[in-house]
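Me: Could you walk me through the charged side-chain pairs of this model? I would like to take them one by one.

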Amino acid sequence: MAVVSDSMIEKLASARKSLKSSLEKSKTLGLALEKSGPRLEEINQRLPTLEAAVRPIRAQKEALVAVGGHINRAVSPAAAVLNVFDAVHGLEKSLLSDPRNDLPGYLSVLKRLEEALKFLGDNCGLAIQWLEDIVEYLEDNLVADDRYVSNLKKSLKNLRDLQNDGERARLDGGLLEAALDKLECEFRLLLTENSVPLPMSSPSALGEQPCIAPSPLPVTVIQKLQAIIGRLTANKRLEKCISIYVEIRSSNVRASLQALDLDYLEISISEFNDVQSIEGYIAQWGKHLEFAVKHLFEAEYKLCNDVFERIGLDVWMGCFAKIAAQAGILAFLQFGKMVTESKKDPIKLLKLLDIFASLNKLRLDFNRLFGGAACIEIQNLTRDLIKRVIEGAAEIFWELLVQVELQRQTTPPSDGSVPRLVSFLTDYCNRLLGDGYKPILTQVLVIHRNWKHEKFQERLLVDAILNITKAIEHNLETWSKGYEDATLSNFFLMNNHWHLHKHLKGTKLGDLLGDSWLKEHDQSKDYYSAIFLKDSWGKLPSLLSREGLMLFSGGRATARELVKKRLKSFNEAFDDMYKKQSNWVVSEKDLREKTCQLIVQAVVPVYRSYMQNYGPLVEQDPSASKYAKYTVQTLEKMLASLFQPKPGKYASFNGRQPSGKFSNGLPDQYHSSPRG
């Protein structure tokens, strides 16, 4: 048996090792193949899908290489647009926060959003165009099948339609609109928190309050409002901004005016009979209008300029016009118009002059505040009011003489007093000539005649007043002839001549009439007073004649009967005269006391002497009280109490009004009244 060498053993070992390694590899490969089976099956299942995805691209390799550059150029702008779109959404958190926390920062972020949306708006169209070009290239070069290309075209068309419809807001998902809404809320909040009604100490102190110089809003608030307006204007929300501003500021002005109690501005012409019934309101109207213009509207005018000056003159003037109209200036003008539509009477002339004076005082303010085109409604109403006031005042003034003459047809007062027409017109004419009304009336008449292309001379006004006075004198003369009782006629003339003298002396009208005119009426008063006394009370002393009593020719009994007879005649005449004249009135206290004194002097001394001498003849008679009816003190007291004014029984200006121009009533301050 052959001997196995060492070398043989080594070879066998090596072969064994190699065989073992091969077996292990085969085993590993088998395991790997076993595992690859499912994967191959999966790949086999995905092949149809991959085949469908690749199927639209049917071009050759060379065509696919050529289209690559076109695709890259189209995708780059689209990618840039997508990047900006992502950045827009990154601003969402900041813009949905409260602007009040950091208004400048909020506005800065909002501006970035606007810029981003502008970029998107400007470049989306370009990106779509590039994509449309590449789709057209794919279609022309048959790189993809028709169905695939059709789907691409449809998608791009939808994008193009959205862009053409102006749906730019959809690019940010409504973020810009939400941010602008928040800014509007902040704008409203700033105005509301800083709009405070103007405080007033009292309505009676209106004229004492100085005009408002500073702005009613702090500078910092104005700056914030301006910044917000800038952004809202840039996004076409200026009108909404103005609407908010007008709403809040006009409401604030109305709140300031509420303290003045302006309910009277809502009165309609059907709610009052004449100007006198609202005379107090007209006086308030002038003060309230001045306060509103010089304090409230002046401040709003300045504030509108401060807040909206960067936007433009037309904008802030239009804003102010809306505030003025909504806050109440139109109501003031409408009230004035209503006064001009009331029925005519002398007092209305004074009230129209008051209205003109108020408007004229504010003329420069009106022209400055409401002179712009935006205030055309206020201008038209103001011009119409001034026209109505001037025409109404001129018409009433020039008709005064006619109306006084028409009153001549009325009956005189039954108590012989001064007719209300006389007492009213003497004071009325003096008021027209006074410093308070004459300049205003002159200005009104000048304007009215200028409108008619006629010249006005101041003498026309003076002559018109003098003619009215002459008409009053003529009326008195005519009325005096209307009494059946001549004594009452003289009493009436005495009363009225003294009234004219007393109430015109030292006045504007009295100065125009002159001292000789005044002296003539004073003398006329004395003349008619003397005739009145002579024809009435002056006849009583003759009834107490002493004739036949000095010699007692018929004895004591005869004398007693004669005294009785004469005392009876005296008593009857006294009683009749006292009864009749106790209803007569002398309103002027000085004339009343003097007239009573003259009557006492004419009657009482004679009566006292007669009773002292002959009274004892009848005092013992059982019917003594029938003849010695009055003591001297009683008689004197009765005569001194004559002609007292009786409330409700004064002569009145209530005759028939043939023309229907003036109302019968006159204000209380012009009524005949007792002269204390």
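Predicted model: local features only at pLDDT ≥ 70, side-chain atom pairs only at ≥ 80, totals over all residues.

Me: Is Arg459 buried, exposed or partly exposed?
Reply: Residues are numbered from 1 along each chain as its sequence is written, and side-chain values use heavy atoms, with hydrogens and water left out. Buried means under 20% relative accessible area, exposed over 50%, and partly exposed in between (1.4 Å probe, protein chains only). Arg459 has 47% relative accessibility, so Arg459 counts as partly exposed.

Me: Which residue forms a salt bridge with Arg459?
Reply: A salt bridge is a side-chain nitrogen of Lys or Arg within 4 Å of a carboxyl oxygen of Asp or Glu. With the closest N and O atoms 2.8 Å apart, the partner is Asp463.

Me: Which parts of the chain does the salt bridge between Lys294 and Asp365 tie together?
Reply: The closest N and O atoms of Lys294 and Asp365 are 3.1 Å apart, and both residues are buried. They are 71 residues apart in sequence, so the pair ties together helix α9 (residues 279-308) and helix α13 (residues 363-369).

Me: How many salt bridges are there in the whole structure?
Reply: One network of salt bridges links Glu177, Asp181, Glu184, Arg237 and Lys240. A search of the whole structure gives 31.

Technical notes. Helix = DSSP H or I, 4+ residues; strand = E, 2+ residues; numbered from the N terminus.
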